[in-house]
Structure formats: structure tokens, C-alpha cells
Amino acid sequence: MAETNSTPDSEDVVLRSSIDRSLRHPVMFLFASGALWLVLSIVLGLVASAKKHNPEFLTCFSWLDAGKVDAAHMSAMIYGWGSQAAFGIIIWLMARLSRKECTASGVILWAAHVWNAVVLYGVIRIMMGEGSGVTYMEFPSEVWPLLLVCYTIITIWSLIQFQVRDAGHVYVSQWYLLAGLLWFPWIAVTAWVFVFLMDGHPLMIAGVAAWFKGTLFTLFFLPVALGSAYYLAPKVTGRPVYSYNIALFGFWSLAVFGPWAGMQKLVGAPIPQFLPYAGAASMILILIPAIAVGYNIIKTVIGNSELVAESPSLRFTAAGIVLFVVFGALSVFLHTVPALKLTQFSYTGYGFDVLGLYGVFSLCAFGAIYFIVPRITRREWLSRRFIKWHFFCSLYGISSVVICAVAGGLSQGQGIEDLSQPFGTMAERASQIGWGVTLAWAFLLFANLFFCLHLLLMWARLGRRSSHPTLLDAHHPTSPHGPEGEVDNYSSASA
Amino acid sequence: MSDPSSSSDLRPDLDESINVKDAHGALRGDLAAGREKTVRENGMEAVSLWLVLISAIVVLAAGAVMGQGGSFFGYSELVKEGYMRTPSPVPQDAPKLPIAALSLFQKEGKKVYGACVACHQNSGLGQTGQFPPLAGSEWVLGNTEALSMIIHNGVAGKIEVAGTQYNGNMSAFGANLNAKELAALMTYIRTSWGNDASIVSPSMAANALEISKKRGGSQTSAEELKKSHDKMLPGDILPPDTMLDPETWEPIATEK
């Protein structure tokens, strides 16, 4: 064990540690504040959902009106949690894959603080009733340029690292990360210009906002999640990605179909007729990258089912990828012409969005966080049980969303379409679905309280100092954490 | 965070103080960064046939949806023909939209009232000195049996309405009215022009027809109405918000 000579392998280890070290402050800050935003957004989601079936709930607070709390819930979820988790993954993974230390972690950390402050300001303005009222762009107009500047300051270094990397193979994850890095400013600037700067027709604003909503998932959150999965699956199993060709196929199919998504929400609205149908067709075609990526990742990890069960990173990532295939399959059914009418004004659309944001993106992001945090803090996760509860409650929550909102929403949609019944009949039916959605958010709140607490403890550097990773194996050999290994004995070892 | 000169240089949890290259002996491969496996070159399996086949099916499904979108890139075609529905495309045998009893009776009653407009006017105020008003009339707002006898058999002779004496001759309209129409008409005049009296249900109107049949055909007079018909019609009470089928006037059970 005393090999201190500079073999290529140990140089790799040194390089990895120095990259991790250079990024630990910004990445930990992004993850930890993201986790706090996630808890806040779930609490708001719980209130918003409860208000849909119990309109009397919390009416004493005007800042918690249904419209405000719904908007604040989604904004906190996307800009508080999703974006920050994505930024953390992007800057860490890009540095690792480009094999470059980050030289600007102070600037990134500062920009991440500003990002949080701006999101907080935006959420407060929404609560005050001064939001813009545009779907997924609910913050008032002055917030967006600030967020774009922060985005640039946080991520530009990853582009630079990619540019100055030692020439060589560009790994699959890098395709996705690079694409996501460039797509996000494209869709965000376009949407911001058309929605807030130009004095356009309200229908055009609605159309652009719907496109932004669709593409924010397909062109930003999805590429980051898939980039992380393409890194973790071979990394943890130690096997190569099953097929380079399928990876190419999956990437380019997403790149071609993704930008069309979104306008299916406006089917029947007086906008050029082909736009909503093109959106629906592109959402159907999402099944192609979903199957390609799903097949590729599953083929990579298969045969290591023990590792999938034991490694938190791999378990969350595999679940996220399986849910991506489920998402793609559901997408085919929900975007056929007869189903479009049923999903447009019912719980189904909301449930489908949550399946994408939480089931696909967030599970992959959790996988990445469980992998990255021990490396940058040099501590192991404290509790297997916290991780397990996080995993299972997340699964229960997502299952409830799929069963209640996506499937139940279809029956609500039928109620809306049934002209022989008064509207109240449908509303009655919807309130039962609403209870199910509230239950789902309760599961997710439970899951993420554990996650947030665990992550904050790690942030406070209270993690286990051990050479053994925290694995989720079923048996308890010696301690609840698994074999302890050499705990903090490095000074004696090197002395 | 920690003092650079202290012995913490040897600790593996690298704080700012430590030089990574120096600590590298302690890394050895048992820390997280060290125990990592390297990401290896990608496998080169070919894209399998079934993946291509499934993709082809998905493309067909997407094409079917795209085909509903009219001509490709047609910026002039806006709303899809037939997408906005009106209640008429509901099949003939399907139940019509239910409607609240009060609204239905007022709507139908207004049609029947067409026969009364010449004398009592659209305003329901009649003509001063000749035709008594219906708005605010105690005969309209009061007991329904008397009102039904007036409509069905007509009324002749002196009659006091809303504080004014009239001496007119209203002919009988009963021959043209069935129970539903009578109920609708009575409900209409009892709930219009500021009148705010109860609904007359079809079953009450049917009883009115019975009473009138027993009574015989001649016109009524104010004295007769006061003496023998000054009461409410018997029959089922119909709450005004009951949902009725607009064709059959039968209550529709709304799903709960």
C-alpha cells in the first residue's frame, strides 16, 4: 500500500482531488441551497395542492392565495432547486471530464449567492401578487436579466474548461452538458425578449411561454440529467458505456426533437395550427431518445444489480433513467390527438411536468449529488437509512403523482369534455384527485427533509471520516453504517 | 480555515492549508477520489434492429399527430375546424343539457305569454283603466288556484286589482294550454317584472286542469274566485334549482 511513486494512476487521483478541492465551495453551496429551495417548494406545492381540493385552507393569508402559491411553488422548484442542482452538476462534471481545475470558484460562489438572492426576491414578489403571470416565467421582468447574468458567470468557466481541455476524446456526458449549457441561454433569452421586451400579442406571449416551458425541460434539465447518468453508470460500475452508437443516436434525436416541444399546451388556441401539433409530435418522439438512453444505461449497469442496489448514486440514477423511459412511454399516449383534449386543462399536464422535473431530472440529480458530495467534502454520507428513506419516499411520491395526477387527470379531463353533466360534477371528481396529489407532495416532503438535513450535515463537514463509502447493503455486519474501515487514521499511517 | 503551520498538513480532509501534492501519499486510493474507477472508452455495439423498429413506430405515431395539424407550416390556418365545440354536435338521442327548473319555466312561459301581450303588455303593467297589471297584482302573487282559474276560464265583471277597480272581460285561454304550458306561464308571470312568488310545478298545473274540468266551462268572477278558489293548488313542490331535462321536463339526477 506504500506506493508513493507517481504512477499515472496516482497522478489521476491527485488531479481528481485537486479538481474536487477547487470546486468544493461553489458546488456545495449550490447543492445545499438547492436542497433548501426544494423543501420550500414542496411545502408551497403542498399548500397549493391542498387549496385545490379545500379552497378554505389558509385563506387568512392573502400572500398564500392559490394563484400566488402555485406560481411560487413552480418557480422555487425550477429556479431554486432544479437550476442550482444542474449548475452544481455541470461545473463539477465539466471540470472532471475536461480534467481542469476550476480557477474561478470564488466568482462562481459569489454569483451563486446573487442567484439565490434574486430567486428569493422573485418569489417574494410573486407572493406579493406582483409576478408576471407567465407560466414558468412568473418572476417579474427585472429578475430575468439578473438571472441570465448569474447563469453566465456561473457556467462560462465550464465552457472555457471545455475549450482549453487537453485535446482528445469528447465523452458522451460532455455532449449533453455542452448542449445544455448553450441551449439554456438560447431558450431563456428568446423567451425573455418575446415575453417581456417586445410588446407582442398576448397569444404570441402565451405561445412563447409554452415553448419555453417545454424546452426548459427537454433542452436543459434533461441533458444535464442524462449527462450525469452517462457519467455515473460507467464510473460506478467500472464498465464502458454499452454502445457509443446508441449514445450518438440518443443525443441527436433529443437535439432534433427537443426544440419543438411545448406548444402542444395551446392546441385549439388561435395560433398557426401546425405549431401545437408539431409540439405534440415532438413530445411523442421523445420516446426515441428515452429508449435509446434507457437501453444504453441499463445495458451498462446490468449484471451489476448488487451495485445498483448498494450504491446510492447508481440507484437514484438508474431509477431516474427508468422513469425517463416511463416518461417517454406516457408521453406517446398523452400527446395523441384524442388525449390532448383530456390533458390540457386537467391534473394530467401538471402530473406529467412533475414526473419530468422530479422523477427524471431530480432523481438523476440526487444520484449525482450522492456521488459528488463525498468527494468534495472528503466525508462519507452519514446514514444509510436517510438515503433509503429519501429513495423510497421519492418513489412513493412519484408513483402517487403518476397514478393520481396523470391517470386520474384523464378522468377529470373526460368530465370537462362531458357536456351532459354540469361543471360541478367534474370539480367533485377533481377534488378526489387533488387529495392524491397532496399525498404525493407529503411523501416528497418527507423524503426531502431527510435529504436536506443529510446534505446540510455534510455541508457542515460532519460527515463520516472513513475510507468506506456509505453503501445501502441490506445486512448490518458491525455497525449501522457498514464496515467502518480505517477511520481517520491517516496521520498515524503517514507518521 | 486552519493554521498552515500546524500538523494538520497530514490530515486527509484537505483544508485550505494543505498542498495536494504533499498530501498525495495519504491519498493512496482509499479516499473517494482515489477509489474511483476510471471511465473507460465507450463500447461499440451497433444500434440494434429493434431499437430502429420501435423508433419507426414512434415516428409513425408522431406523424399521425402531425397530420392533424393541417398543411405544414401554414401560418394562415389558425383555429382547427370543428375543434371548438358547440352543444349541437351532441347526438340526437343523448340527453340535452339539463337546465334549472326556474330558468326553464321562465323561458317556456315567456313563449306562452305571447298570447297575453296584447292586453297585459310586455311590461306586465296592463293598460291603465282597461286591462289590469300583472306586476304586483295580488291575484298573480297570491293563491295559485285562483290564478289558474282566471287563466283557464277567463274572468268577467268587477274585479279589484292592485287597488284599482276594473270592469273587463277576459276570455278563457284554457283550451289551448296543457299542464306544462300552464305551469310555465304561471311561473313566468309570478317571477317576472319584480314579482317574486313561488314556482308552479307541472303537477300543480295538472291539478288545476282537473279542478277546472269539475267546475264546468263558464267565465269566473271575482266573488266566485274569492269564495271557492282562494287557496294554493295541491301538487308536488318543485325547488327552483332542480335540474330538468329540457325535453321531458323530468328531473335529471346529477352525478355526485
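Q: Which residues does Ile91(A) touch, leaving out those up to four places away in sequence?
A: This is a predicted model, and in it Ile91(A) touches Leu23(A), Pro26(A), Val27(A), Cys102(A), Ile108(A), Ile154(A), Thr155(A), Trp157(A) and Ser158(A).

Q: How many residues does the largest nonpolar core have, and which have the most contacts inside it?
A: The largest nonpolar core has 183 residues. Ile91(A) is one of those with the most contacts inside it, alongside Phe31(A), Ile90(A), Ala209(A), Ala225(A), Ile284(A) and Leu355(A). Helix α6(A) gives the most to this core, with 21 residues. Another core lies apart from it, with 30 residues, including Phe105(B), Val155(B), Tyr188(B) and Leu238(B).

Q: What describes two packed helices?
A: Take the angle between their axes and the distance between the axes. Here, the axes of α6(A) and α13(A), residues 347-377, come within 9 Å and cross at roughly 40°. That angle makes α6(A) oblique to α13(A), and the crossing is left-handed.

Q: Which residues of α6(A) and α13(A) meet?
A: From α6(A) come Phe217(A), Phe221(A), Leu222(A), Ala225(A), Ser228(A), Ala229(A) and Leu232(A). Their partners in α13(A) include Gly356(A), Leu357(A), Val360(A), Phe361(A) and Cys364(A). As for the spacing within a helix, an α-helix has 3.6 residues a turn, so residues three or four places apart point the same way.

Q: Where do α7(B) and α8(B) make their contact, and is the crossing left-handed or right-handed?
A: The axes of α7(B), residues 144-153, and α8(B) come within 11 Å and cross at roughly 115°. The crossing is right-handed. Thr144(B), Leu147(B), Ser148(B) and Ile151(B) of α7(B) make the contact with Leu182(B), Leu185(B) and Met186(B) of α8(B).

Q: Why does the span of helix α8(A) agree with its number of residues?
A: Helix α8(A), residues 274-285, has 12 residues, and at 1.5 Å a residue they should span 16 Å. Its end C-alpha atoms are 16 Å apart, so the two agree.

Q: Is α8(A) mostly covered or mostly uncovered, and what covers its buried residues?
A: Helix α8(A) is mostly covered, as 12 of its 12 residues are buried. Among them are Phe274(A), Tyr277(A), Met283(A) and Ile284(A). The cover includes α6, α7, α9, α11 and α12 of chain A, together with α3 (49-67) of chain B.

Q: Where is His120(B) found, and which residues is it in contact with beyond four places in sequence?
A: His120(B) is found in helix α5 of chain B, residues 117-120. With 22 C-beta neighbours inside 10 Å, His120(B) counts as buried. Beyond its sequence neighbours within four places, His120(B) is in contact with Gly126(B), Phe131(B) and Leu134(B). Phe131(B) is 11 residues from His120(B) along the chain, and their C-alpha atoms are separated by 6.3 Å.

Definitions and conventions: Residues numbered from 1 in each chain as written. Chains lettered and ligands numbered in written order. Predicted model: local features only at pLDDT ≥ 70, side-chain atom pairs only at ≥ 80, totals over all residues. Helix = DSSP H or I, 4+ residues; strand = E, 2+ residues; numbered from the N terminus. Expected span 1.5 Å × (residues − 1). Buried ≥ 20, exposed ≤ 12 C-beta atoms within 10 Å, placed from the backbone. Contact = placed C-beta atoms within 7 Å. Core = buried A, V, L, I, M, F, W, Y, C linked by C-beta atoms within 7 Å. Axes fitted to C-alpha atoms, helices over the stretch in contact; angles between N-to-C directions. Parallel < 35°, antiparallel > 145°, perpendicular 65-115°, else oblique. Left-handed = near helix turned anticlockwise from the far one by under 90°.
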